[in-house]
Amino acid sequence: MRKKWRHWALCAVLAAGSALGAFLLSDIRFFRILNLKAYDVHFIVRDFLRGRPVISNIVLLTADKKAMDKFPELRDFWNEHYSNVIRAAGQAGAKVIALDLAFGIPIDQYQPGADELLAGAVSTSPVPVVVGYVSELNSNKQSQFIPVNMAAGALGLAAFANLTSDDDDFIRNQELIEAPSANPADPPPAHSVAMRTVEKYIGAEVQFQQGALVLQGHAVPISPERTIAINYAGPPNTVPSVSLADFEAAAKDGNHDQLRKWVDGKIVLVGTDFVDDRFDTPFYTLFSGSKWTMPGVEIHANTIRTLLERRYLLQVPQWVRVLALLVATTLTVLVITSFVASRAVGLLLLEVLAILITTHLLFEWGFILSTSEVLLATTVCLIASVVYRFATEQTRGNLFHRAVSRFVGKQLATSLDESEAAMGLSGKRMEVTILFTDIRGFTAFTEQVSEEQGPEVVVQLLNEYLKMMVDIVVAYRGHVNKFIGDGILAVFSNDDEDATPGDHALRAVRCATRMVTAPSRFQTGAGIHTGPAVVGNVGSADKMEFTVLGDTVNLASRLESLNKEHHTKLLMTDVTESRLGSQVETLHLGQAPVRGKALPIELYTVASLVVKAAVNA
């Protein structure tokens with residue numbers, strides 16, 4: 001028992017230690033990035049299983065290669081084209097326009113009136129036009145006096161377009177609002193392009209109170225860095241887009257129906273789609289090439305969709321994270337220490353599959369539980385459990401247990417596992433109850449069946465019978481010491497597992513009663529006697545046998561042989577009968593001489609067996 005407690009205590013330490021190890025390793029950069037990559041895979045799997053959603057309330061107007069080929073000016077001098085697009089989109093029914101463009105250098109000296117033209121388009125637009133800026137680019141004083149930036153600032157439509165990158169330079173999160181100043185006299189913190197666009201689209205300002213964002217009465221779950229996880233709708237080009245060149249051409253041609261079809265009632269994001277403005281997102285993790293990177297303007301669109309549809313991705317609470325790690329490691333250590341290798345491999349594969357499915361379902365429901373962290377905990381626990389199993393010679397011990405249990409029974413084999421001294425040529429004297437059974441007429445049966453059906457049939461039938469009898473003995477917490485032909489020698493003692501001191505006679509009688517009444521093609525007789533016996537190993541250092549010795553064993557065997565002449569199925573001595581108390585109703589059969597005994601022996605049987613025999617007669 002002490003060994004079992006020690007074993008389970010060590011298993012608990014392995015499970016807890018592995019969970020703690022995985023928890024702490026997640027703070028190391030390598031494993032932190034590994035967790036991020038595993039997080040990315042959820043997006044790819046979801047896209048594969050569910051396909052891409054239809055986005056009907058956002059459209060991108062992109063300054064792309066087509067626009068580059070069609071517009072004669074350099075990209076820095078496209079103010080006129082941006083102005084035309086803003087006016088056309090506003091007149092075609094766009095609800096909000098956002099410029100994911102940074103205007104950091106005045107161009108009036110090269111293109112007179114261009115800066116004022118763009119500022120006029122923003123300030124006179126029938127719909128709000130959010131103007132983005134990049135903190136690093138727009139921090140100089142010169143940029144602050146560019147007309148479009150001044151107009152946006154005056155109208156409360158300026159917003160930072162900076163993207164928030166992770167350790168591996170992937171864009172998975174987006175800062176929504178800058179950190180507020182501790183000085184109440186300072187201006188309010190700036191909002192991101194996505195946040196300001198959403199505010200203008202729904203007609204409500206976000207409230208930042210005590211570190212929490214509230215939008216239209218609903219909390220926006222932000223991190224301490226004021227970011228949200230972007231719930232990407234799909235890979236690049238999932239959000240509908242129109243080339244800036246095509247949109248301006250439709251406006252110049254007066255194709256108002258097409259313009260309304262593109263932008264009516266929608267959020268219109270104007271931005272670039274060039275190689276230098278494309279970023280790595282979760283869909284780039286398993287693929288390569290520029291087509292798997294996403295334009296910054298589409299990243300803003302995905303952030304806007306996350307906010308509008310409240311498709312937030314939240315880290316599971318810490319207690320759920322810890323519980324998941326402990327469940328995974330506990331299952332792993334139980335599998336490794338409790339099953340043979342072939343079965344353990346199959347169970348571990350099922351566990352890994354369960355982890356993959358569970359973490360992805362949580363992702364689908366908006367909760368993030370790191371798949372790689374749970375698998376890391378499982379792997380660490382797997383290695384530790386294998387080392388523990390071999391270090392404690394678990395494999396050898398199980399082999400010994402299985403081999404010995406075949407000969408002396410599972411319970412006795414377990415006791416031998418826990419006592420190295422029991423393996424020597426040793427013994428002890430103790431009180432036991434011996435149960436001896438035999439099959440009536442088995443010799444004649446053997447000869448007949450061997451001739452008619454073959455000896456293998458005899459062996460098969462005998463094995464089936466012995467299995468049933470052994471199961472009954474084990475059920476009453478005894479152990480089969482040996483088979484003597486068709487006979488069984490079973491021992492009951494106070495050393496049996498879960499035994500109550502002094503109950504071995506009662507267990508033996510109840511066991512024998514069940515054995516002789518069990519449905520079988522054979523008739524079984526039983527003899528029972530209680531008394532002292534020597535229990536231990538006999539033989540030599542090269543060959544040993546665990547056995548019971550003494551007159552108690554001989555008397556039980558001879559009692560069994562008296563069943564035939566007394567027309568009974570079970571006989572016990574007065575010693576055994578005296579240990580039963582009133583828990584079994586017995587019948588006194590009188591005295592009978594027994595070979596090897598000077599005085600006759602008082603014989604008893606179970607009364608119910610006599611009644612059954614009379615009824616059957």
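Biologist: Which helix is Leu 350 found in?
Modeller: This is a predicted model: local features need pLDDT of at least 70, side-chain atom pairs count only at pLDDT 80 or more, and totals for chains, interfaces and linings use all residues. Residues are numbered from 1 along each chain as its sequence is written, and side-chain values use heavy atoms, without hydrogens and water. Helices (H or I, at least four residues) and strands (E, at least two) are DSSP runs numbered from the N terminus, and Leu 350 is found in helix H13.

Biologist: Is Leu 350 buried or exposed?
Modeller: Buried means under 20% relative accessible area, exposed over 50%, and partly exposed in between (1.4 Å probe, protein chains only). Leu 350 has a relative accessible area of 53%, so it counts as exposed.

Biologist: Which helix gives the most to the nonpolar patch?
Modeller: Good one to follow up! The patch on the surface is formed by Leu 314, Leu 350, Leu 353, Ile 357, Leu 361, Trp 365 and Phe 367, with about 680 Å² of accessible area together. With four residues, the biggest giver is the helix that covers residues 341-364, H13.

Biologist: How far apart are the end C-alpha atoms of helix H14?
Modeller: Helix H14 covers residues 371-391, and its buried residues include Val 374, Leu 376, Cys 381 and Tyr 388. The expected span is 1.5 Å times one less than the number of residues. For the 21 residues of H14 that should be 30 Å, which agrees with the separation of the end C-alpha atoms, 30 Å.

Biologist: Which strands stand at the edges of the three-strand sheet?
Modeller: The sheet is open and antiparallel, with the order S6-S7-S8; strands pair if DSSP finds at least two bridges between them. One side of each edge strand is left without a neighbour in the sheet, because each has a single partner strand; these are S6 (207-209) and S8 (218-220).

Biologist: What is the bridge partner of Gln 207 in S7?
Modeller: Three bridges join S6 to strand S7 (residues 212-215), and the two run antiparallel. In S7, the partner of Gln 207 is Val 214.

Biologist: Which strands are at the edges of the six-strand sheet?
Modeller: This open sheet has the order S4-S3-S2-S11-S1-S10, and its pairing is parallel. Pairing on one side only are the edge strands S4 (158-160) and S10 (241-243).

Biologist: What is the phi of Arg 226?
Modeller: Arg 226 sits in the loop between S8 and strand S9 (227-229). It counts as buried, because its relative accessibility is 16%. Most residues other than glycine have a negative phi. Although Arg 226 is not a glycine, its phi is positive, at about 65°.

Biologist: What value is the phi of Arg 310 near?
Modeller: Arg 310 is found in the loop between helix H11 (296-309) and strand S14 (314-315). Its relative accessible area is 41%, so Arg 310 is partly exposed. Phi of Arg 310 is positive, in a residue other than glycine, and is near 55°.

Biologist: What separates the C-alpha atoms of Thr 513 and Val 606?
Modeller: Thr 513 belongs to helix H19 (residues 504-517), and it is buried, with a relative accessible area of 17%. Thr 513 and Val 606 are 93 residues apart along the chain, while the separation of their C-alpha atoms is 7.6 Å.

Methods
Patches are made of residues with over 30% relative accessible area and no salt bridge: like charges are joined within 9 Å, nonpolar side chains (Val, Leu, Ile, Met, Phe, Trp, Tyr) within 5 Å. Accessible areas come from the Shrake-Rupley method with a 1.4 Å probe; for residues, only the protein chains shown count as cover. A salt bridge is a side-chain nitrogen of Lys or Arg within 4 Å of a carboxyl oxygen of Asp or Glu.
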